[in-house]
Amino acid sequence: MRAISDSRRPHGNPFPSRGNPVGNCGWRLGRGRAGSVGSTHHQERKARVEHPGGYPGGDLHLQEAAVMTANTILLALAPIFFVTLVGYGAGRLRIAENHHVDGLNALVMSVALPASLFVATASAPRSEMLEQAPLFLILGFVMLLVHLAWYFFVRASSDVSKADAALQALTVSFPNLAGVGLPIAAAVVGPGGTVPVAVALAAGSIIVSPLSLILVELTTRKSKEEMPAGSVGQVWRAFLRSVTKPVILAPAAGVLYSLAGLELASVAKASLMLVGVAAPGVALFLTGLILSSQPFRLNWKVVAATGLADIGRPILAAAVVSALPISTETAKIAILICAVPSGFFGILFAVNYRLDYAAIGSMVIASTLFSIVTLATVIALLFPTLGS
């Protein structure tokens, strides 16, 4: 008991007969009397967390946090690159056809991804969904601003069509939440990070995705042939075509289901997830397969899109949350989600509408690579005790 009591003294020399104390807190690593090792180790770990700067093990604590952050990002991004490279290799080696991918695209966008989005949103308890309302509005607002900024910028600075600009804007504004957001949130925030990511998916699917599809529907030849001549009729038909797609309806229905206080039956959840769990993997494989038919293009548009997605989006989120009276936890999660690299929705929609997807694919690759740096920075700034 004497050894335990001595080892807890915050100041002075805990072992008067053994020389001078080490550091300002008077802790001595690896020293102590028999029977006090467990308590001393516990107190040393507590001191590292509370006084990383004034404790001689502070550098060790920072190293542990850095390693944990690196592992978190590696575990989230390595599978992304692996599955994408598998798809790319399958296309280059002619194992799978990379020019006719309508079947795989339909599987992802009309079946697997809608099922996954519905389960993710419908499974959230009503109370948690209501608590996430500020996050939904913040993320929807940030995505919309980024979407509009890129759309008007690329339209003014190049000869890109309205449809291509809309899908590029969707790529830049809508993060890869299914492939990167979920594992990052689970590792950094914990099991509770699933609900914010589901809310973010709903925000992107309900706000920026329909806007992009409306612009695409208004400018595609098929839409022009089938729509009435009046501009109001064109917009209305384009709106109906976009919001009735399964990938848009599913998260909206899931949010309403959750807000109604209904509980998703175990059988229904298991059945939907059996196909929904394939959505991220198949989507990434399909992305690599599509990219194998086009070379990677690093030009000023790809660089600008990467900067806006990986740097501009989280900075904008930080500016928005700093001006609102919201909790620190919500603010951190919003910034973290906005730091996730660009997603694959734009590529898959481009394939569906027979539009140019080479530039969009290059944007996704560049954004994902650069996010290794930006995600590490954001996690280190917002969650400095990760790994402690």
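Predicted model: local features only at pLDDT ≥ 70, side-chain atom pairs only at ≥ 80, totals over all residues.
Residues are numbered from 1 along each chain as its sequence is written, and side-chain values use heavy atoms, with hydrogens and water left out.

Let's start with helix packing. Helices here are DSSP runs (H or I, at least four residues; strands are E, at least two), numbered from the N terminus. Axes are lines fitted to C-alpha atoms, for helices over the stretch in contact, and angles run from 0 to 180 degrees between N-to-C directions.

Look at helix H4, residues 102–122, and helix H9, residues 194–219: their axes come within 9 Å and cross at roughly 125°. H4 and H9 are therefore oblique to each other. For the terms, under 35 degrees is roughly parallel, over 145 roughly antiparallel, 65 to 115 roughly perpendicular, and the rest oblique. Which residues make the contact? From H4 they are Leu117, Ala120 and Thr121, and from H9 they are Ala198, Leu201, Ala202 and Ser205. Contact means heavy atoms within 4.5 Å. By class, that gives five nonpolar, two polar and no charged residues. Here Ala, Val, Leu, Ile, Met, Phe, Trp, Tyr, Cys and Pro count as nonpolar, Asp, Glu, Lys and Arg as charged, and the others, Gly among them, as polar.

H4 has another partner to show you. The axes of H4 and H14 come within 9 Å, crossing at roughly 155°. That makes H4 roughly antiparallel to H14. On the H4 side, the contact residues include Leu104, Asn105 and Ser116, while H14 brings Phe285 and Leu289, among others. The classes here are 11 nonpolar, two polar and no charged.

Next come helix H7 (residues 162–173) and helix H17 (residues 345–352), which pack at about 155° with axes 8 Å apart. H7 and H17 are therefore roughly antiparallel to each other. Among the residues in contact are Leu170 of H7 and Phe349 of H17.

Now for the spaces. On a 1 Å grid over the protein atoms alone, a cavity is a set of points where a 1.4 Å probe fits but cannot get out, and a pocket is an open set with protein on both sides within 12 Å along at least five of seven lines; lining residues have an atom within 4 Å of a point. Points are joined across faces, edges and corners, and a volume is the space filled by probe spheres set on them.

The largest pocket has a volume of about 310 Å³. Of its 22 lining residues, the closest to the centre are Phe81, Thr84, Leu85, Leu291 and Ile365. Which helix gives the most to this lining? H18 does, with seven residues. The lining has 13 nonpolar, nine polar and no charged residues.

How many cavities of 30 Å³ or more are there? The structure holds four. The largest cavity is about 50 Å³ in volume, and its lining includes Phe174, Leu201 and Phe345.
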